[in-house]
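Here are my notes for someone opening this entry for the first time. Have the structure on screen while you go through them.

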Amino acid sequence: MGILPLMFYFFIICTLYFTIFFSLIYVETFDLFFKDKPAKKEKGISILIPAYNEGRNVEESIKSILASNYSKNKIEIIAINDGSTDNTLKILKKWQKKYPKIIKIINQKNQGKAVALNNALKIAKNEFIGVVDADSYLDKNALKMIMGVFENYPNTDAVTSNIQLKKRNTFLEKMQDVEYTSILWVRKLLEFIGAIYVTPGPLSVYKASVLKKIGGFDEKNITEDIEIGWRLLSKGYNVRISLKAIVYTSAPKNFKKWWKQRVRWSAGGYQTLLKYKKSLFKQKEYGIVSKFVFPFFALSFFTSLLGFAIVIYRFIIEGIPRIYYSIIARFAQPPSVIEYVEIPNSFTFFGILLFIASIIYTTISLLSLKNKKYFNLHKGGVFILLITLTFYLALFPIILIQGIIRVNKGEWKW
Amino acid sequence: MVNIIRTAITSGILTLIIFSAGILFGVEMQKNRINEIKNDYKEMQISWNDIQLQSDIIQENLKTNNEKFCENMINENLRFGDDIYERGKKIATYEKRNDFETNLYVEKREYNLLRLQFWINSISIKEMCNNSDYINVVYLYKDNVTTTKKVEQDKISELLFNIKQEYGKNIMLIPLATDLNLTSVNAMMNKYNITEFPTILFNENITISKVIPKNEIEEIINEQLLASH
């Protein structure tokens, strides 16, 4: 057997394994998805809002926190202007004037989000630290729900939220919405094995003591929300998610911005992977990071790159000569797809199985998170789903490669 | 909390079961296809024997009713040619779709011999029936080549198949693998002085050994068809 079929079998085994793994967790836990209860007793929370050129969004973000059903006297907002060149600082000052007892401002040179958060952490006075991105705004119940998790599960050290898109108008936004929902579903499943490895920027809340104990956010990592998640887990802290704590965030509206954002995420993920590579051999020290998070993350990266490498390899040795000879012959015939179904082999079996599994998997995630709009055939929901699962996801290995290259070149450092 | 160890082990077992089922499915499909090829070969052998017997009968009757018997013989030969061509394609496709390297070497040699016999028969018919309306297009290729070379061969194969569909009964298309260790095939290569592969041999006198535009192949065929009338 050649190397290509072996690589393909490896890819199949990995995908199959994790599909089954998450499905089993779901079967065991689906009735616990929406069991979160709001906090009965309100505890003090300092909400940090790092802002770089967010003049158009930060106002909405502050307003949503103030409009929350969480008592204002329990909230402290620390807004950090990270060297913005727009009117961010002006807007922050306007709101500080209105709520001088609640809002504090830190004005710093542009040094990155992690530095901004760490500077705010130094002056935060409350028992809990919330991080809210300046382009995100909270549902009015979000804080009560997220704090409810700390109250009902006292061993909890950090809680993240249900991230929803503000707008779902364009095709790109709709595809991102499907993606966000699937990620959210997996994140909830990861909670049940104690492996939520990211506390995303739109809304996450931490115990201040824990955050300070582990040294705050990593200022060298460009996705500090991934790194802090890994660090919390590796030090044995518990991270949970509340699906009832909803936060709305902006998704990139055009392809260029989307690409840039995803390259940054991939680069941050890769940076984190490199930082924790030693965890693979130190199971006792790194706990769940060593046992699950690192292998899962590394395998995801590897299989993604492997699949891409197979496609590129085949294109070079088959695709290019085929195009070349078609030009010479002035005759082209599209490759037969029918034979893959008419003359089945184990690859047909696995291909169909995995495709159906991915559709079921995403469908369950969308249905279980009550996003039933995707299954309106008349509005093209199934089409969005299929395009997301095929072309949209096919771009990720390229994004990952770009992220890895940029990190290795040292282009991405704060 | 879910017991991660238990879930991981259960997932592993289920993965193993599903993966094994997929592999077994592939193996079973492959077995069926090999049996199908073997049965096809038996049928082709019967057809070939039938054609040969017919050829013997016709040769005896050539003096009495030349034209009618020639037409019959050519038609039967064409039918057999189409049949063996299709089955050859089937073997190639099956081989490509097999999961595991299989020993189709023997089957390919058997078919190759049948094709060679068919080619020789086509030459004889042309000689016997002076005024034939078809030309022999023999496509000589190698079975064991690099992927890039295979793409080149496949392109010629696609071209010829497409041309065959356009010209129908005017072409006897005979693909022949030249590296299956058959001395008779080697003898034919020597006879027509063929050293490069892939090569297209038109009516045993014109050779092309590279991919050329479709219309140029058609021009050669048209000239040959005109010459044979």
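1. Start with helix α3 (residues 88-98) of chain A: α3 lies across β1, β2 and β3 of chain A, at about 155° to β3(A). Helices (H or I, at least four residues) and strands (E, at least two) are DSSP runs, numbered from the N terminus. Axes are lines fitted to C-alpha atoms, for helices over the stretch in contact, with angles from 0 to 180 degrees between N-to-C directions. Contact means C-beta atoms, placed from the backbone, within 7 Å.

2. A word on ground rules: this is a predicted model, where local features need pLDDT of at least 70, side-chain atom pairs count only at pLDDT 80 or more, and totals for chains, interfaces and linings use all residues. Residues are numbered from 1 along each chain as its sequence is written, while chains are lettered from A and ligands numbered from 1 in the order in which they are written.

3. Next, helix α2 (residues 58-66) of chain A lies across β1 (45-51), β2 (75-82) and β5 of chain A, running at about 15° to β5(A).

4. Now the sheet itself: 8 strands of chain A make an open, mixed sheet, ordered β3-β2-β1-β4-β7-β6-β8-β5. β3 (103-108) and β5 (136-138) of chain A are at the edges with a single partner strand each, so one side of each has no neighbour in the sheet. Strands count as paired if DSSP finds at least two bridges between them.

Technical notes:
Two residues are in contact if their C-beta atoms, placed from the backbone, lie within 7 Å.
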